[in-house]
Amino acid sequence: MLGIKIKFTSKIEEFIAHDGAKLSYGKQALGNEFFIQKVDLLLEQGFSELEIKVQPWDETVCFFGVTDASDLPFDIFAASFYLISRYEEYLPHVKDQYGRFPPEESLAVQESFLHKPVVDIWVLKFREVLSSRFPKLEMKERKYKPGTVIESANTFVFKNKGFLRNFIGLLLDLFKLNLGRVADRLQVWIRVKKDPHDIFEDLIQLIKEHRVYMLFMFQLSDFSIHDRNISHNRIPHRAVIKSVADYAKVGLLMGYYAINDIKILRKEKLRMEEIVHSPLENVMNSKFNLSLPENYSNLIELEINNDHSMGYPGIPGFRAGTCTPFLFYDINMEVTTPLKIHPYVFHSSVVETMTKTKLKEDLGKLIGEVKDVQGMFRSVFRNEDFSDYTDKDLYYSILKEIHEID
């Protein structure tokens, strides 16, 4: 995060003899260096229940406090590791009805700091203290970077669904007296109107005009009670994916069964690679029911390098305590993996749970928090958010606010 070139040594004589910037991490200082007193977390094998006391640190909070002998009031490395490794998600917990780790079980929600990227805040404060101690120390500058993932579990709502599915859908629309959908369905059938969920050309136009970063996740799973997209073999479906891939990155929205079954995941991976003619690099968990480390281990085994599932779809905030991408650390294997985690801050599903005033206020605060640390604001939207069946102007306004588009 700081971009500082470092060298490690376990030789005390070499450390003491060094006359430049230096830092020690242990139980007591060795000499005239920047000293961070450690707790035992990073030396432990596996994981165990921890008693954590959150305390204030200037305008933020911290935990794993240490004595006044330390140049920081807490073990910044252990605290950052606890949040970024998702240590608490390895511990026994009651999952929600969808098999997910509930936000209420997290330290960040219980101690009311989910809305702050505390790890990034700690790093910047650490940088200030280091700079005052070692003025000649060179560190890299960061810049606010917005980005959006478009989640497409249903590329089309009417098109290519097959006669039986469309006929049943038509009967349901008639029963509910939803005559607008009936008219749309019939017009899509006879090809005089574009499918309402097919909004990809509009988003591509936004990319062209404003150089917005977007990553499109398409689902290619077999039809089931959980996954109801059209077949991956349908030519219009494949055509949309190919068209989008000409202007933006595309990835795989993993199906319900692919999340835990590596054989099914491999099959979906090969489908995407066959369509776009390039290796699959980006995936997202369609249900956000992460099971650590098993789900990530499957991605690593299949050499998939980037996951975009780290966040809470129902609550905006920083699930891993940071807005900065990081490499996944497997606590069971005690190894840093090549899998990069891209945490998201905001999922469009929360729009339905808030008033417009509350939404605007909370979104503005979150964007402000990320800008303060010059971090990356990742948001997730669904393609149907921009269809005629929603308040699409609202969703577009949110998207434009995140990407600073007038």
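This is a chat about a predicted model of one protein chain.

Q: Let's start simple. How many helices and strands does the protein chain have?
A: The chain has 13 helices and 13 strands.

Q: And how compact is the protein chain for its 406 residues?
A: Its radius of gyration is 24 Å, close to the 22 Å that the globule rule gives for 406 residues, so the chain is as compact as a globular protein of that length.

Q: What does the C-alpha trace span along its principal axes?
A: About 80 × 45 × 40 Å.

Q: OK, what percentage of the residues are buried?
A: Buried residues make up 51% of the 406.

Q: Switching to contacts. Of those with a separation of 6 or more, what share is between residues 24 or more positions apart?
A: That share is 70%.

Q: Now holes! How many cavities of 30 Å³ or more does the structure hold?
A: There is 1. About 40 Å³ of space lies in the largest cavity.

Q: Which residues line the largest cavity?
A: The lining is made of Met254, Ile259, Asn285, Leu290, Asn295, Tyr296, Leu299, Asp307 and Ser309. By class, that lining has 5 nonpolar, 3 polar and 1 charged residues.

Q: Which helix gives the largest share of that lining?
A: Helix α11, which covers residues 294-301, with 3 residues.

Q: How does the lining of the second largest pocket divide into nonpolar, polar and charged?
A: It has 10 nonpolar, 10 polar and 13 charged residues.

Q: Why is a positive phi worth a mention?
A: Because most residues other than glycine have a negative phi.

Q: Is Arg191 buried or exposed?
A: Arg191 has a relative accessible area of 77%, so it counts as exposed.

Q: What is the phi of Glu404, over in the segment after α13?
A: Glu404 has a phi near 55°, which is another positive value in a residue other than glycine. The segment with Glu404 follows α13, which runs over 392-402. At 47% relative accessibility, Glu404 is partly exposed.

Q: Let's go back to α8. What's the relative accessible area of Asp202?
A: It is 43%, so Asp202 is partly exposed. Asp202 sits in helix α8, residues 200-210.

Q: How far apart are Asp202 and Pro135?
A: They are 67 residues apart in sequence, and their C-alpha atoms are 49 Å apart in space.

Q: New residue: Ser221. Buried or exposed?
A: Buried, because its relative accessibility is 7% and the cut-off for buried is under 20%. Ser221 is in the loop between β6 (214-218) and α9 (235-245).

Q: What does Ser221 touch, leaving out residues up to four places away in sequence?
A: Asp227, Gly255, Glu268 and Arg271.

Q: Last one: where is Gln55 found?
A: Gln55 is in strand β3, residues 55-57. Its relative accessibility is 23%, so it counts as partly exposed.

Q: And which residues is Gln55 in contact with, apart from neighbours within four places?
A: Gln55 is in contact with Thr60, Val61, Cys62, Gly65 and Pro73. As for Phe77, which is 22 residues from Gln55 along the chain, the two C-alpha atoms are separated by 16 Å.

Technical notes:
Residues numbered from 1 in each chain as written. Predicted model: local features only at pLDDT ≥ 70, side-chain atom pairs only at ≥ 80, totals over all residues. Heavy atoms only, no water. 1 Å grid on protein atoms, 1.4 Å probe; cavity = no way out; pocket = protein on both sides within 12 Å on 5 of 7 lines; lining within 4 Å. Points joined across faces, edges and corners; volume = space filled by probe spheres on them. Helix = DSSP H or I, 4+ residues; strand = E, 2+ residues; numbered from the N terminus. Nonpolar A, V, L, I, M, F, W, Y, C, P; charged D, E, K, R; others polar. Buried < 20%, exposed > 50% of the residue type's maximum accessible area, 1.4 Å probe, protein only. Rg over C-alpha atoms; globule rule 2.2 N^0.38 Å. Contact = heavy atoms within 4.5 Å.
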